[in-house]
Amino acid sequence: MEKDVELVLEKAILNEGYDISISAIVGEGGTGKSTLSRVLFNHAAVGDRFERRAWAVASKERRPRDIIKDIYLQVKSGETMEWELILLERLDLSEIKQRLEGKRYFIVLDDMWDDPQWNDAIAGGFPDEDTGSRFLLTLRTPDLKDNSGYVHTMKCLDSDESWILFMNTVSGGK
């Protein structure tokens with residue numbers, strides 16, 4: 001996975017572009033897309049580069065409003081008061097946009113499905129102020145639109161790699 005981490009960091013996250021970028025990690029279920037994106041999200045260089053970060057699971061079963069609330073709670077500064085949780089029921093993308101204006105942000109949407117509502121929200125619902133902000137999606141199919149950045153395809157392990165992973169898992173790495 002180290003090679004994958006370095007490649008995605010270089011081509012999708014830490015590259016020098018100042019435009020907003022929407023990149024993806026694609027692959028079949030169980031190939032490690034979420035694991036790789038979590039490693040990237042928690043990487044020290046990502047924490048140093050981005051003022052705001054958020055991680056949300058965007059599976060088919062989740063309502064977009066719940067995902068928006070998750071992102072908002074992560075990008076806001078300070079503690080969340082009880083009254084804010086009540087107001088979150090009426091939250092829309094403009095509230096998140098206000099919290100992110102002028103900031104360089106990194107948002108991971110894990111287990112993303114092709115949904116026109118989300119495609120429009122990502123393309124126009126977040127500020128694009130030449131700060132070098134990044135989106136990273138995990139998808140099963142590489143169906144990104146024209147404004148997409150790097151697409152990293154996860155490969156299945158070969159038989160030797162699978163055996164090593166199995167042995168490390170059952171033996172606790174010994």
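1. Ground rules. The model is predicted, so local features need pLDDT of at least 70 and side-chain atom pairs count only at pLDDT 80 or more, while totals for chains, interfaces and linings use all residues. Residues are numbered from 1 along each chain as its sequence is written, and side-chain values use heavy atoms, with hydrogens and water left out.

2. The largest nonpolar core. A nonpolar core is a set of buried Ala, Val, Leu, Ile, Met, Phe, Trp, Tyr and Cys residues joined through side-chain atoms within 4.5 Å. Buried means under 20% relative accessible area, exposed means over 50%, and partly exposed lies in between (1.4 Å probe, protein chains only). The largest core here has 21 residues. I71, I96, L100, I107, L109, F126 and L137 touch the most other members. At least two residues each come from β1 (21–26), β2 (52–57), α4 (64–75), α6 (93–100), β3 (105–110) and β4 (134–139). Helix α4 gives the most, with 5 residues. These elements are DSSP runs, numbered from the N terminus: helices are H or I of at least four residues, strands are E of at least two. In soluble globular proteins, nonpolar side chains tend to be buried together.

3. Contact means heavy atoms within 4.5 Å. Leaving out residues up to four places away in sequence, L100 touches R52, V75, Y105, I107, F126, P127 and E129.

4. Strand β1. How many of the 6 residues of β1 are buried? The count is 6 of 6, so β1 is mostly covered by the definition of buried. In a regular strand the side chains alternate between the two faces of the sheet. In β1, S21, S23 and I25 point one way, and I22, A24 and V26 point the other way. Strands pair if DSSP finds at least two bridges between them. β1 and β4 run parallel and are joined by 6 bridges. I22 stands opposite F135 in β4.

5. T31, in a loop. T31 is found between β1 and α2 (33–41). T31 counts as buried because its relative accessibility is 15%. Its side chain reaches the backbone oxygen of E28 at 2.7 Å. Beyond its neighbours within four places in sequence, T31 is in contact with M154 and C156.

6. T35, in helix α2. T35 is found in α2. At a relative accessible area of 46%, T35 is partly exposed. T35 and M1 are 34 residues apart in sequence, with their C-alpha atoms 9.3 Å apart.

7. Aromatic pairs. Rings of Phe, Tyr and Trp (its six-membered ring) pair if their centres lie within 6.5 Å; planes under 30 degrees apart count as stacked, over 60 as edge-to-face and the rest as tilted. The structure holds 5 such pairs. W163 and F166 are tilted, because their planes meet at 35°, with centres 5.5 Å apart. Both sit in helix α8 (residues 159–171), 3 residues apart, so about one helical turn separates them. W163 is exposed at 54%, whereas F166 is partly exposed at 43%.

8. Ring cluster and charges. Ring pairs link F41, F50, W55 and F106 into a cluster. A charge sits over a ring if NZ of Lys or CZ of Arg is within 6 Å of the ring centre and within 35 degrees of the ring normal. R38 lies over the face of W55, 3.8 Å from the ring centre. The charged end of R53 sits over the ring of F41, 4.9 Å from its centre.

Notes:
A polar contact is a pair of N or O atoms within 3.5 Å; within protein, one must be able to donate a hydrogen and the other to accept it, and residues adjacent in sequence count only if both atoms are side-chain atoms.
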